[in-house]
Each structure stands twice: as structure tokens, then as C-alpha cells.
Amino acid sequence: MNAQLEQNLIQRLAVGDIIRRSALRAPGREALVEYRGDTRISYTYRELNQAVNKFTRALQGIGLRKGDRVAAVCLNSVEYIVAIFGLARGGYVMVPVNPGLNPADMGYILNHSEARALIVDDAFIPVLNKYLDKLPNIKNFFSLPVSGLAAVKPFISFPELLAGQSPEEVEDVIIGDRDILQIMYTSGTTAAPKGVMITNLSVYVAALHNIIFANINSRSIMSVVLPLFHCAQHSVLTSALLAGAGAVIMRGFEPGKYIAIWSREKINFMFALPVMYRALLDYPGIDEYDLSAFERCIYVMTPMDRRTLEDAGEKIGADKFVLATGQTEAYPSTNYFYPACYPGKEGNYWGVSNLTYETAVLDEQGNKLPRGRIGEIVWRGPGVMEGYYKDQEATEKSRKFGWHHSGDLGYFDEDGLLVFMDRKKDMIKTGGENVPSIKVERVLLNHPGIVSAAVVGLPHPHWVEAITAFVVAGEKGGGLAEGDVIAWCKQELGGFEVPKSVVFVKELPLTSTGKIKKHEIRSRYEHYYRE
């Protein structure tokens, strides 16, 4: 072993070392559990660490080297987690790809990243096989056996890949804390997806401060239900495994299935979208279960409506809920907010900075704004991305004035708590006033007959943009009419903030991570007021 490698092993901070260190502390503790039908699959920390070593050695054996990009088109599975940490251990750069993307965007990401290998859930192979000839850089293909389909050439199955590999520690790769760990691509709703370069340092430090603010520990048993190709779930899973906690892996959210597994595995830590908590609380027979067993419930992406927070407070405990925020470019979490600590605070509060972030609000000239003034939310800290892959111009634009620019608007209230107003692109300009779409949505979601809502500004000959609400009614809203919704809004909103129209829909277009695709709504209804 050379001196440089020895020095690196002594001092380094690398995500690939997390599993080994947890395995040294508690080798027999259960790290991962997943149910496939009636079959319970599990890994102890020792077994997980050995599988990670085998995966890394297998990639080294076929000629992949540190820094090579390896893409993954996968939903959640224990094998996927082995791959995630096996890539990290070998110094490879992971490129997680959303399986729900259209073929054009998926092909763009795979080619733009110059990935040399591709990991795929076996369930997706029949579709991807049609596009393999359009991926000239990829020479190695691996399949994860999550659905039971047999691997077909050129794919090598996960068990075959690991067969015969040594489980001994991989200690022959020099990894720096600023080495790129993964390239996560943004959604690309208005342009080509941008590859966000994230370092070992960003993810490791985020995991440490998440452990502290959310009180994740070795007794925590966490449900992993949001997709791991998204930064939020990846960050929280990494935090759990660093803390030596247990993780119960799920490929999607179904309230009944969730409750059954929750009861069996004694899950005490939930990380989910507000709509998932609502579905759980509305599940028939939920009152038969003691939900107070949850020790921590984190929600993300969107604010939780007052009705859900109140119901959750009664059944689970208001003090157990915390909002966490962040984005791919500023590895989550950047800010957090405990609503139970501030019962009088109404709005989409993001609260205070996490331990390793600074948060400010700037005007267009880069000046810090005082409390109460709306501007762009910006961050500083080791969790901020290295930049956009192959896009220096976009990188420089994102970090003007010595801050990372989020693209979000907000302000600090009188107590110094950060309040999110809206995405810059989602702020509605109507009749000379600026109206945050999220403010109107919050009022709509407080209605007992509304289960989901999106508010957008649509072109209007008089108002410039007319506030338009798209509403999904629940069982309690079967007879809900437009006039009822508008009357409800008038109770809590100013006249210029009330929707001009309410459109009832069966469902809203969503990304695979639960975000509403407002750009699709705007495009589809662009001529709504001009027809």
C-alpha cells in the first residue's frame, strides 16, 4: 500500500465508508428489510457490507475505474441500495435516472453523462431494450431481480455479477471528499435536464446534520417509500444507515400495505409527502392502530394543510412532525421547521437553517433584505453542488454574489423564521398584484372536501394572469361546486387572491416524486380564458 493511499484511508470522508463503519459497530443489527409478496428479504449490516464489497469488486473486475459514470434506472430495492453504496465505495459516479421519464429525456441523460454502465430493474428491461442501440457509450448492462424476469443479453443479473466475488474490504481506491459522488439530473421542464454534481462531502455532511435535527439513531426503524433516485430520500436513507438505524424498503405507497408492514416491522420513523399522511389518516379502520408509536414524521415537497396537521396531531402527536426542505443543488436538508413549536404561524414556513447551511434572502442586485421583505432564497454551505455537469454558464448564474440561488421566493418573518412564498416561475401576476400560488393552495387544502389542488396563473385579456384553481374532490366533496370553493376562499383570502375559476379534475399530473406538474396544466389550459 503506497503512502498516498494510506494517508487517504486514515483521513478521508467518503460515503462509501458508511456501511463498513456501521457494520463494525453493530454487525448483526438488521439494516435493510424488503417484502416481495410474502417473502421477507433482509440484510444485517455485516451482510450489507459484504454485498457492497462484492459489487465494487465485480465492477473493478470488468474494467470500470474510479470516476467512471454508472447510470441506474431503478425503483427502490435492497439490491439497488447495495449498488448505490458499492458505487460509492469504488469511487464511481452514480447517475440515478427517474424510470418515469420519457425515452427522449432518459436517452439524453444517459448520453450526456457519458455513462459507461447501466443498472436496471429487470421489470424495465423490455422497454429499455428498444433503445440500447442509441446508447453508444454504455458497454456494461446489469439487471436487478425485483420482478423475477430472467436476465437477457446484454444484461448480467445481480446474483451472477456478485457470484464468486470476495467480500473482503475494498481499500485500494483513493477517494477525496470533494470527489463527485453522483450526478443527479433536474426535471428539465423548460429546457434540457441539467446534471447536478454532488460530492461525497455534500452527502456525508447532510447525513450528519439530518441525524441531529431529526434525532435519527440506532433504534430508529425508517420506512423508505419515496424514490431513491430523488435527492430527499437518498439523503434520509444515507442518514439512517450512518446512524446504524433500520430501513424498510418499499417500491411505492399504498396505505393498506404500508400499515401492514408498519405493524409487522414496528416502523417508528416516517418520511413522506403530505398527501401520503392524509391517505394514511383516511385509511378505513386506521383508528384501530396506535399511531403514537411513530417517534418522528418528516414531510417534504409541499406544506401540510391545517386539517391534516390537526388530525395527525391527534392520532400521532403534533410534536413529532417536522418539515424539511432543500433541493438537488443544495443537498437536503437546508432548513427545517417544527410546526408544534409555533402554533400561531400560518403559511409555508421553512423555519431555520440546518447546522451546516446559511440562508439569506436577496434582491436582484444581491443585497440582503431585512425581515418582511420578499426576495430570492439563497444558501451557502458544504451541501451546495459543485456545479452543473458540462454547463459552466448555468453554474456561474446559480452562484452570483457568493450565494447559491434557489429560484424560490421567500422572506424572514418577525422571529427570523424563513417563509417560502413560491417558485419564481409560479408566482402569479394578476391585476398588478403578485399572488403566491402556494398561498391559495393552502386555503383550498384546508377544505374537508378537497384532497388535492393546484393553482396556476392562466393568460387573461384583463387580468394578465387569472388565478385558476384545479381541484380534486374527495368523498366528502361529492357535491362540491365552483361557487362553494370560491366562497370558502373568500373567507381567508383577499379579493385579488381568490380564484377567478375552479376546474374540477379527477387527478393532477404528478412527477414520480409527487410534485404537481404545473407546466403541464398551464400548457393544456393556456387558452382557457380565450376560447
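Let's start with a pocket. α12 gives the most to the lining of the second largest pocket, with four residues. Keep in mind that this is a predicted model.

How big is the second largest pocket? Its volume is about 430 Å³. In total, 23 residues line the pocket. Nearest its centre lie Arg-306, Leu-309, Pro-339, Lys-345 and Glu-346. By class, the lining has 13 nonpolar residues, six charged and four polar.

Now the domains. An assignment divides the protein chain into domain 1 (46-204), domain 2 (253-423) and domain 3 (427-525). I'll stay with domain 1 and domain 2.

Their C-alpha centres are 28 Å apart. On the domain 1 side, 20 residues take part in the contact. Domain 2 supplies 14 residues.

How much area do domain 1 and domain 2 bury between them? About 1,400 Å². Of that, 63% is on carbon and sulfur atoms. Look at Lys-194, Val-196 and Met-197 in domain 1. These residues lose the most area to domain 2. Together they account for 35% of what the domain 1 side buries.

What about charge pairs? Two salt bridges are counted between domain 1 and domain 2. Elsewhere on my list is a salt bridge between the side chains of Arg-178 and Glu-386. The N to O distance there is 3.2 Å.

Notes
Residues are numbered from 1 along each chain as its sequence is written. This is a predicted model: local features need pLDDT of at least 70, side-chain atom pairs count only at pLDDT 80 or more; totals for chains, interfaces and linings use all residues. Side-chain values use heavy atoms; hydrogens and water are left out. On a 1 Å grid over the protein atoms alone, a cavity is a set of points where a 1.4 Å probe fits but cannot get out, and a pocket is an open set with protein on both sides within 12 Å along at least five of seven lines; lining residues have an atom within 4 Å of a point. Grid points are joined across faces, edges and corners, and a volume is the space filled by probe spheres set on the points. Helices (H or I, at least four residues) and strands (E, at least two) are DSSP runs, numbered from the N terminus. Ala, Val, Leu, Ile, Met, Phe, Trp, Tyr, Cys and Pro count as nonpolar, Asp, Glu, Lys and Arg as charged, and the others, Gly among them, as polar. Domain bounds come from an automatic or database domain assignment. Contact means heavy atoms within 4.5 Å. Buried area is the accessible area (1.4 Å probe) that two parts lose on being put together, summed over both. A salt bridge is a side-chain nitrogen of Lys or Arg within 4 Å of a carboxyl oxygen of Asp or Glu.
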